[in-house]
Amino acid sequence: MAAHISTLTDATFDETIGSSAEPVVVDFWAEWCGPCKMIAPILDEIANEHAGKISVGKLNVDENPDVARRYDVMSIPTLIVFKDGAAQKRLVGAKGKGQLLAELEEFLP
């Protein structure tokens, strides 16, 4: 996993999201999910290119069902952008880098 991407769990989620100074894009994914694997390198690039402006975290829904259930994640990949500890935007499905950056533009200073 890229240096700028954190692995989130049910146990660390609230503290990580709540203590982040910048917006956090959480990738809800699973090992068996093909589209999740397609967007993983794109999220790596975004995390590296926008380090210090936006954070990226990954939460495996199979291993951490509590948080996925709390945010009604029904299909994956689902990306939820959190700012100041609250969910601000939800993106469902794999998207290309240009489309993802356009969706995240409001969170990038």
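## His50

His50 is buried, at a relative accessible area of 15% (buried: under 20% relative accessible area; exposed: over 50%; partly exposed: in between; 1.4 Å probe, protein chains only). The model is predicted: local features need pLDDT of at least 70, side-chain atom pairs count only at pLDDT 80 or more, and totals for chains, interfaces and linings use all residues. Residues are numbered from 1 along each chain as its sequence is written, and side-chain values use heavy atoms, without hydrogens and water.

The loop between helix H2 (34-49) and strand S3 (55-60) holds His50 (helices, H or I, at least four residues, and strands, E, at least two, are DSSP runs numbered from the N terminus). Neighbours within four places in sequence aside, His50 is in contact with Leu101 and Leu108 (contact: heavy atoms within 4.5 Å).

## Aromatic pairs

There are three aromatic pairs in the structure (Phe, Tyr and six-membered Trp rings with centres within 6.5 Å; planes under 30 degrees apart are stacked, over 60 edge-to-face, the rest tilted). Phe13 and Phe82 have ring centres 5.4 Å apart and planes at 80°, so this pair is edge-to-face. Phe13 lies in helix H1 (residues 13-19) and Phe82 in strand S4 (residues 78-83), so the pair ties together parts 69 residues apart in sequence. Both residues, Phe13 and Phe82, are buried.

Tyr71 and Phe82 also pair edge-to-face, 5.1 Å centre to centre with 85° between the planes. Tyr71 and Phe82 are both buried. Ring pairs link Phe13, Tyr71 and Phe82 into a cluster.

## Charge over a ring

Lys58 lies over the face of Trp29, 5.2 Å from the ring centre (cut-offs: NZ of Lys or CZ of Arg within 6 Å of the ring centre and within 35 degrees of the ring normal).
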